[in-house]
Amino acid sequence: MESSSSFVNLLTSQGAVDLDSLETLAFSTQSPQEASVKERRNWTVKDDLVLIGAWLNTSKDSIVSNEQKGAAFWKRIVEYYNSSPLLVGMVPRELGQCKQRWARINDLVCKFAGCYDTALREQRSGQNDNDVMKAALDIFNSDHNMKFNLEHAWRELRHDVKWCSTYMEKDKDKRKATPVPEPEERPVGVKAAKAAGKRHKTGKDEELSKLEGLMELKKQISKQSLLESLLTKPEPLNEMELALKTKLLSELLS
C-alpha cells in the first residue's frame, strides 16, 4: 500500500497526472463479464427455441397459469430460460428482454399462421407442403412488406394446443374488433313490414332457438376436441386426417 501511495504522490508532484484522472481511470476499469452484460446480444434460433419452451412449459403449469399473473408468470419463464443447459456459459437475460422478444415472436408467428391458413385454403390440386409454405411466405411478404424469418418458431408452436388456443382466441377478438359498416337506412316497404312481422318469435320459437344454440355449442366443443387430438398426434398424418385438420381449422377461424 505504501509503495502504491508513493507512486501516486510521485506522479501528482511531477504534474504527470491529477487525482481526478486517476480516480476516473480506477473506477472505469471493468471486468470482461461486466462489460459483456452491457453489450447487445442478438437472439439466435437456439435462444428463441429455449424461450418458446420456457413459455409453453410455464403456461401449462396449472398453478402458475391459474393463480400467478403478470410479473410472477414472467419471472418463472426467465428462471426457466436462464437455467437451460443449452445456454450454459451465456450471459443471463433479464425479464424485460425475454418479454419483449416473446411479444415479437408471438405477434409475427400469429400473423404468419393466418397467411399459412390462407395458403392452405387456396391450395390447388398437385401442390405439396413446400408449395403451400412458399405461398404463405409470399402472402406474408406482400401483406406486411417484410420477410418472415421465424419459421423455426412457427414450426415449434403450430401444433401446440396451448398456443393454438391462444392464437384462435386472439384471432376471434381481432375479428370482433373489426368495425362493420352500418347499412344505410331505407324506408320500410309493405313487403319488408310483413316479413318483419313474421320474424317476431313466439315463446316456442324462442325455446327452439335456445335449443339450437345449445346443440351448436356442443357441436363446436366436439370439433375443438377432435382438432386438439389431431394437433397432438405425431406426424405424418394420413391424407384424410390432414384434410379434416385443415377443414376444422378453417371452420374455427371463420
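The protein exposes about 18,700 Å², of which carbon and sulfur atoms supply 55%. The model described here is predicted, and buried residues make up 26% of the 254 residues in the protein. The secondary structure consists of 13 helices and 0 strands, so that the pattern read along the sequence is α-α-α-α-α-α-α-α-α-α-α-α-α. Of the contacts with a separation of 6 or more, 62% are accounted for by residues 24 or more positions apart.

The protein averages a pLDDT of 74, and 62% of the residues score at least 70. Among the elements of the protein, helix 8 has the highest mean pLDDT (95), whereas the lowest (42) belongs to helix 2, which covers residues 19-28. Over residues 15-30 the pLDDT stays under 50, and for this stretch the model has 9 contacts beyond four places in sequence. The pLDDT is also below 50 over residues 32-38, a stretch with 4 contacts in the model beyond near neighbours in sequence.

The largest nonpolar core has 43 residues, and those with the most contacts inside it are Trp102, Ile105 and Trp163. Two or more residues are given to this core by helix 4 (45-60), helix 6 (71-82), helix 7 (95-121), helix 8 (129-144), helix 9, helix 10 (161-177), helix 12 (203-232) and helix 13 (239-253). Helix 7 gives the most to this core, with 12 residues. When neighbours within four places in sequence are left aside, Trp102 is in contact with Leu51, Ile52, Trp55, Trp74, Leu157 and Trp163.

The side chain of His152 makes a polar contact with the side chain of Asp48, at 2.9 Å. Apart from neighbours within four places in sequence, His152 is in contact with Val45 and Leu49 as well as with Asp48.

Charged side chains form a further set of interactions. Side chains of opposite charge can pair when their charged atoms come close, and the structure holds 6 salt bridges. One of these salt bridges joins Arg41 to Asp47, with the closest N and O atoms 3.9 Å apart.

Another salt bridge is formed between Lys111 and Asp107, whose closest N and O atoms are 3.3 Å apart. Because Lys111 and Asp107 are 4 residues apart in helix 7, they are separated by about one helical turn. Lys111 is partly exposed, with a relative accessible area of 32%, and Asp107 is likewise partly exposed, with a relative accessible area of 29%.

In helix 8, Lys134 and Asp138 are 4 residues apart and therefore separated by about one helical turn. Lys134 forms a salt bridge with Asp138, the closest N and O atoms of the pair being 3.3 Å apart. Lys134 is exposed, with a relative accessible area of 54%, while Asp138, at 43% relative accessibility, counts as partly exposed.

Conventions
Residues are numbered from 1 along each chain as its sequence is written. This is a predicted model: local features need pLDDT of at least 70, side-chain atom pairs count only at pLDDT 80 or more; totals for chains, interfaces and linings use all residues. Side-chain values use heavy atoms; hydrogens and water are left out. Buried means under 20% relative accessible area, exposed over 50%, partly exposed in between (1.4 Å probe, protein chains only). Contact means heavy atoms within 4.5 Å. Accessible areas come from the Shrake-Rupley method with a 1.4 Å probe; for residues, only the protein chains shown count as cover. A polar contact is a pair of N or O atoms within 3.5 Å; within protein, one must be able to donate a hydrogen and the other to accept it, and residues adjacent in sequence count only if both atoms are side-chain atoms. A nonpolar core is a set of buried Ala, Val, Leu, Ile, Met, Phe, Trp, Tyr and Cys residues joined through side-chain atoms within 4.5 Å. pLDDT is the predictor's confidence in each residue, from 0 to 100. A salt bridge is a side-chain nitrogen of Lys or Arg within 4 Å of a carboxyl oxygen of Asp or Glu.
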